[in-house]
Amino acid sequence: MISTENRFRPGLKMFSVAALGLALTLAGCSSDEPANAGPGSAALDISVDSTAAAALPAKFKESGVINVAADIPNPPMEMLDENDNPTGLDYDLSQAMGAKLGVKFNFQQQAFDASIPSLQAGKNDIIFAGMNDTAERQKVLNFVDYFHAGFMILVNAGNPDGVKSLVDLCGKPVAVQKATIQGEYLNAYASKCKDAGKGPIELVQLPSELDAQTAVRSGKAVADVVDAAVASYAAATAGDGKIFELVRDPEFASGYNPVYTGIGLLKDNTELTEALRLALQSLVDDGTYAKLMEKYDLGDFAVTEAGVNNGGK
């Protein structure tokens with residue numbers, strides 16, 4: 001297992017499945033030609049789903065490529081393996097969906113807070129970056145939901161500030177990744193801090209999740225509030241599990257404010273939305289989705305069916 005430290009590659013700007021020459025043979029797949037889901041995966045043989053592939057808009061059938069905005073590193077959703085190849089749940093799931101649709105999912109590095117503009121500019125077709133499905137984002141995006149979890153608090157090992165719940169963060173600096181829903185949630189927590197006789201949480205908003213974790217390690221923030229999957233993975237793997245500690249609030253065992261995470265695409269792209277939903281549902285039905293979730297120890301956050309725009313309901 002790779003630590004969060006050695007996955008960070010600040011110089012990474014762009015990569016593609018084709019350019020890296022990964023052992024994926026998705027182009028030209030037919031129902032008789034199985035493909036593997038992601039490098040290093042347990043040889044998940046996947047054939048084209050004819051119903052999902054038929055739903056794909058002509059543009060993508062002709063090009064054979066769907067361009068993906070991804071924000072690496074964001075373990076365990078997107079990261080690099082020891083050979084600098086992309087991996088993680090989002091990457092593996094995208095490759096499996098590509099096999100179902102008979103096209104390539106071409107990952108391109110994109111800052112998280114610029115991922116929606118990248119769709120609007122035509123640079124990318126979809127966002128596969130652990131993005132929460134919210135009512136606000138649904139004003140411009142559709143989401144094909146594949147994950148359901150809340151937020152958790154990550155602190156330095158030994159919990160030097162004695163954080164037991166969110167109220168213990170009131171009046172203290174807390175790191176979050178810029179443009180994430182966690183920042184909005186913590187800002188809205190100011191009234192509860194006031195009720196507790198404390199000042200509001202001092203948000204430290206940073207470009208990436210790795211920056212937020214670095215802020216905690218360096219003492220610039222007492223905690224990082226982040227998706228439960230990311231927090232759990234960092235606590236278990238960074239420095240072989242010796243750097244961070246997960247704060248488990250018994251009142252919110254599955255995390256604060258559970259939300260759906262989905263693949264984002266522009267609101268008017270309804271045909272592609274349905275094709276992606278069908279491809280994901282096919283992976284749920286044949287058991288591939290469950291295997292990929294278990295591969296990253298994320299089975300507790302699995303959905304039972306592929307849904308669209310479940311967030312905010």
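Helices (H or I, at least four residues) and strands (E, at least two) are DSSP runs, numbered from the N terminus. This is a predicted model, in which local features need pLDDT of at least 70 and side-chain atom pairs count only at pLDDT 80 or more, while totals for chains, interfaces and linings use all residues. Residues are numbered from 1 along each chain as its sequence is written, and side-chain values use heavy atoms, with hydrogens and water left out.

Step back to α9 itself, residues 228–237. The helix is largely enclosed by the rest of the structure, because 8 of its 10 residues are buried (buried: under 20% relative accessible area; exposed: over 50%; partly exposed: in between; 1.4 Å probe, protein chains only). Val230 and Tyr233 are among the buried ones. To see what covers them, display β2 (79–80), β6, α8 (209–218), β9 (223–227) and β10 (244–247), which are included in the cover of the buried residues of α9.

Next, select asparagine 74, in the loop between β1 (65–70) and β2. Asparagine 74 is buried, at 9% relative accessibility. Leaving aside residues up to four places away in sequence, asparagine 74 touches Ala129, Glu209 and Val230 (contact: heavy atoms within 4.5 Å).

Now show strand β11 (residues 256–266). Strand β5 (residues 126–132) pairs with β11 in the antiparallel sense over 3 bridges (strands pair if DSSP finds at least two bridges between them). Isoleucine 127 has glycine 264 of β11 as its bridge partner. Strand β6 (residues 141–156) also pairs antiparallel with β11, over 9 bridges, and phenylalanine 147 stands opposite threonine 261 in β11.

Which residue forms a salt bridge with aspartate 125? Select lysine 59: the closest N and O atoms of the two are 3.7 Å apart (salt bridge: a side-chain nitrogen of Lys or Arg within 4 Å of a carboxyl oxygen of Asp or Glu). The pair links distant parts of the chain, with aspartate 125 in the loop between α5 (115–120) and β5 and lysine 59 in helix α3 (residues 58–63), 66 residues apart. Aspartate 125 is buried at 12% relative accessibility, whereas lysine 59 is exposed at 54%.

Finish in helix α10 (residues 270–286), where glutamate 274 and arginine 277 are 3 residues apart, about one helical turn. Their side chains meet in a salt bridge of 3.0 Å, N to O.
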